[in-house]
Amino acid sequence: MVATGDRVGDGGRELALLGAWGPLLVWVRLALNLKGLSYEYVEVDLASKSDLLLAANPVHRKIPVLLHAGKPICESMLIVE
């Protein structure tokens, strides 16, 4: 979880992963861990989508989303690559 003072998505963290439990998230987390990348995981409540998720993926409003220095990568296949 993210503390309220953290600046996820605006360059405060190098990598942040927005997601909720599911097979795509497990696949993305496994790939990031196998690549040795450190990231912050941010749990997203799908019932009430956060402003961070809506700003990161305004078109589809879906997860997972990887934020790299504040820039979103919204497709799980792209994240894994």
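Predicted model: local features only at pLDDT ≥ 70, side-chain atom pairs only at ≥ 80, totals over all residues.
Trainee: What is the average pLDDT of the protein chain?

Mentor: Begin with the predictor's confidence in each residue. Here the protein chain averages a pLDDT of 84, and 84% of the residues score at least 70.

Trainee: Which elements have the lowest and the highest mean pLDDT?

Mentor: Helix H2, residues 51-56, has the lowest mean, 90, while H1 has the highest, 95. Residues 1-12 fall below 50, although this stretch has 22 contacts in the model beyond near neighbours in sequence.

Trainee: How many bridges join S1 to strand S2, and do they run parallel or antiparallel?

Mentor: For strands, look for bridges and direction. S1 and S2 (residues 40-43) are joined by four bridges and run parallel. Within S2, Val42 is the bridge partner of Leu18.

Trainee: Which residues make up the largest nonpolar core?

Mentor: A core of this kind is a set of buried residues joined through side-chain atoms. The largest one here has 11 residues, including Leu15, Leu17, Leu25, Tyr39, Leu66 and Ile79. Strand S1 (15-19), helix H1 (23-34) and helix H3 (76-80) each give two or more residues to this core. H1 supplies the largest share, four residues. Another core, of eight residues, lies apart from it, and Ala16, Leu18, Val42 and Leu67 are among its members.

Trainee: What does Leu17 touch, not counting residues up to four places away in sequence?

Mentor: Take one residue and follow its contacts. Among those Leu17 touches are Leu25, Val28 and Leu32, together with Tyr39, Tyr41, Val42, Pro64 and Leu66.

Notes: Residues numbered from 1 in each chain as written. Heavy atoms only, no water. Core = buried A, V, L, I, M, F, W, Y, C linked by side-chain atoms within 4.5 Å. Buried < 20%, exposed > 50% of the residue type's maximum accessible area, 1.4 Å probe, protein only. Contact = heavy atoms within 4.5 Å. Pairing = 2+ DSSP bridges. pLDDT = per-residue confidence, 0-100.
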